[in-house]
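Please read them beside the coordinates.

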Amino acid sequence: FNLQLWNNYFHLAVAFITQDSLQLENFSHAKYNKIQNKYGDMRRLIGFAIRDMWYKLGQNKICFIPGMVGPILEMTLIPEVELRKATIPVFFDMMLCEYQRTGEFKKFENEIILKLDHEVEGGRGDEHYMQLFESILTECAKQHPGICSLVESFVGLVRGLLERLLDYRAVMSDESKDNRMSCTVNLL
């Protein structure tokens, strides 16, 4: 097992699917259709490969926590529904992996909170992502009673944070200083 090789693979793959030239939702409808018909959405293909390779790591997954939390988050925030549905469960696997090793998933939790703030501030994330994140992780947790309550608590924490971050991002363009200040206080 070569940790650096796998680390390079994951970072390169995430850098590929998050590059601006592949963000099809930013193109006009005509250009979007033309690219879709000719090439398809390469992000989905690479995202599925990242997911599959993650599950093949076996006991070595722990070596990538918390280092891969940010890149995986960046990938799951791409506004492509099938990609999100396929890759959000990797978060549960990360939590489960850390929980089985240490009895908690604090490293994962701290990293996702830190990176989520950065990503939402950068314009990523939306209400749909928040709902998918919550439903997928809650569903995964139901299959593991020992960790279920911890995951539900974590999902509630992230949901609250994401709601406040999205509100903050929306209100930053608002002219009202009172609205901005109120939102800032809520976020803090």
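1. Which residues do ring pairs link into a cluster? The members are F1, W6, Y9, F10, W54 and F64. This is a predicted model, and the remarks that follow should be read as such.

2. Over the whole structure, the search returns 14 aromatic pairs. In one of them, W6 with Y9, the ring centres are 6.3 Å apart and the planes stand at 80°, so the pair counts as edge-to-face. Both residues belong to helix 1, which covers residues 3-17, and they are three residues apart, about one turn of the helix. Y9 is partly exposed because its relative accessible area is 29%, a value that falls between the 20% and 50% cut-offs.

3. Two rings carry a charge over the face. The charged end of K31 sits over the ring of F27, at 4.5 Å from the ring centre. For R51 over the ring of F48, the corresponding distance is 5.0 Å.

4. The salt-bridge count comes to 13. One of these joins E25 and R43, with 2.9 Å between the closest N and O atoms. E25 is in the loop between helix 1 and helix 2 (29-39), while R43 is in helix 3 (residues 42-55), so the bridge ties together parts 18 residues apart in sequence. Is each partner buried or exposed, or in between? E25 is partly exposed, at 35% relative accessible area, whereas R43 is buried, at 2%. The pair also belongs to a network of salt bridges that links E25, D41 and R43.

5. R44 bridges to E80, and their closest N and O atoms are 2.6 Å apart. The relative accessible area of R44 is 30%, so R44 is partly exposed. That of E80 is 10%, so E80 is buried.

6. A further salt bridge is formed by E134 and R159, where the closest N and O atoms are 3.0 Å apart. The partners sit in helix 8 (residues 127-142) and helix 9 (residues 145-171) respectively, so the bridge ties together parts 25 residues apart in sequence. E134 is partly exposed, with 28% relative accessibility. R159 is also partly exposed, at 23%.

Technical notes
Residues numbered from 1 in each chain as written. Predicted model: local features only at pLDDT ≥ 70, side-chain atom pairs only at ≥ 80, totals over all residues. Heavy atoms only, no water. Phe/Tyr/Trp six-rings, centres within 6.5 Å; stacked < 30°, edge-to-face > 60°. Helix = DSSP H or I, 4+ residues; strand = E, 2+ residues; numbered from the N terminus. Buried < 20%, exposed > 50% of the residue type's maximum accessible area, 1.4 Å probe, protein only. Lys NZ or Arg CZ within 6 Å of the ring centre and 35° of its normal. Salt bridge = Lys/Arg side-chain N within 4 Å of Asp/Glu carboxyl O.
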